[in-house]
Amino acid sequence: MITAHKIVLDPNPAQENYFARACGTARFAYNWALAEWNRQYKAGERPSEASLRRQLNSLKDDAFPWMREVTKNAPQQAIKNLGTAFKNYFADLKKPKRQRRFRHPQFKKKGKHDSFRADNGADKDHPNAVEVDDKRVKLPVIGWVKMRESLRFVGKIKSAVVSRTADRWFVSLTVEIEHTPPNRENQAVVGVDLGIKALATLSDDTPPVENPKALRGNLKKLKRLSRSLSRKLKGSANRRKAKWKLARLHARIANIRNDVMHKLTTDLVTRFAVIGVEDLNVRGMMANGRLARAVADVGMFAFGRQLAYKAAMTGARVVMADRWFASSKTCSACGHVHT
């Protein structure tokens with residue numbers, strides 16, 4: 001089984017500079033490959049991520065020599081990610097329009113989702129490019145970097161993804177571990193109803209889980225910081241400071257929401273063997289202008305995603321109730337459906 005642990009990094013200024021250059025290299029490679037893919041596709045050719053990686057390798061020494069300053073995994077993995085994005089996009093086109101989740105890959109912008117990846121085994125000369133020693137992680141080229149906590153999983157490290165959220169750097173370590181779902185003695189069953197006022201209402205006697213409403217509670221501050229950023233001169237130091245303040249607040253809102261969601265889903269898969277949830281049409285609810293902000297503040301899609309992978313780890317079973325099932329109109333005694 002493969003799992004991941006995301007940890008905050010504590011890099012020095014030189015390491016932060018390297019991370020920024022590696023992220024820029026990965027972003028450039030992704031955008032170059034996307035532009036080349038679009039050009040070849042319009043010309044009637046059949047581009048692939050493998051051919052684009054070979055094409056970049058053949059010309060980067062002359063055209064882009066600065067790519068050699070960072071790990072070669074950064075541009076190569078960026079093009080592989082583009083290939084995966086196109087694969088998902090073309091597979092999604094075969095589905096009905098209302099079920100599609102992926103759109104055509106877009107060009108990446110500096111400062112948004114900055115990240116790069118390093119793989120173990122990608123370089124024959126350095127098969128163990130990523131290593132962990134207590135609260136340190138070894139990355140290609142840059143060497144050892146301090147982490148805020150130790151890796152919680154024991155196993156073979158497969159890769160590391162370094163990313164930036166606001167002004168903080170993180171590393172997500174992918175680890176291959178031996179895992180067997182436990183035999184559950186407790187076979188309790190529960191139904192979960194997600195909502196806006198209460199985050200989750202359970203079918204047993206458990207009190208409803210309150211919705212933290214992280215966005216609503218910080219909305220005034222968010223508007224104030226957004227106005228402050230819009231008044232700053234582009235390219236100035238004050239604009240850069242205002243941008244980091246706004247980014248930190250967005251990260252705080254996301255962290256509050258994720259903290260409650262992780263605690264809820266972990267509690268459910270630990271206490272119950274079978275969990276029934278409704279197959280909600282989140283996209284349809286987001287189309288309602290009166291409800292969109294409140295629905296987005298709940299994070300219903302994240303709930304389903306977390307519940308699915310945690311249930312697989314703990315041996316629990318998730319049952320999706322059809323969104324069109326007339327539960328409110330069905331008599332609990334005789335089963336008659338009221339018209």
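**Reading charge and pairing**

Biologist: How does Asp259 count at 38% relative accessibility?

Modeller: Asp259 counts as partly exposed, because its relative accessibility is 38%. Buried means under 20% relative accessible area, exposed means over 50%, and partly exposed lies in between (1.4 Å probe, protein chains only). This is a predicted model: local features need pLDDT of at least 70, side-chain atom pairs count only at pLDDT 80 or more, and totals for chains, interfaces and linings use all residues. Residues are numbered from 1 along each chain as its sequence is written, and side-chain values use heavy atoms, without hydrogens and water.

Biologist: Which residue forms a salt bridge with Asp259?

Modeller: Side chains of opposite charge can pair when their charged atoms come close. The rule for a salt bridge is a side-chain nitrogen of Lys or Arg within 4 Å of a carboxyl oxygen of Asp or Glu. Asp259 pairs with Lys263, with 3.2 Å between the closest N and O atoms. The two are four residues apart in helix α6, so about one helical turn separates them. Helices (H or I, at least four residues) and strands (E, at least two) are DSSP runs, numbered from the N terminus. Lys263 is exposed, at 55% relative accessibility.

Biologist: How many salt bridges does this rule count?

Modeller: The count is 16. One of them joins Asp114 and Arg27, whose closest N and O atoms are 3.2 Å apart. That pair links distant parts of the chain, 87 residues apart: Asp114 sits in the loop between α3 and β2, Arg27 in helix α1. Both Asp114 and Arg27 are buried. Arg164 joins Arg27 and Asp114 in a network of salt bridges.

Biologist: Which helices each supply at least two residues of the positive patch?

Modeller: Patch residues have over 30% relative accessible area and no salt bridge; like charges are joined within 9 Å, nonpolar side chains (Val, Leu, Ile, Met, Phe, Trp, Tyr) within 5 Å. Lys and Arg count as positive, Asp and Glu as negative; His and the chain ends are not counted. The helices are α5 (219–231) and α6 (237–271). Members of the surface patch include Lys110, Arg231, Lys245 and Arg293. Arg231 lies in α5, and counts as exposed at 63% relative accessibility.

Key: Accessible areas come from the Shrake-Rupley method with a 1.4 Å probe; for residues, only the protein chains shown count as cover. The place of a charge is taken as NZ of Lys, CZ of Arg, CG of Asp or CD of Glu.
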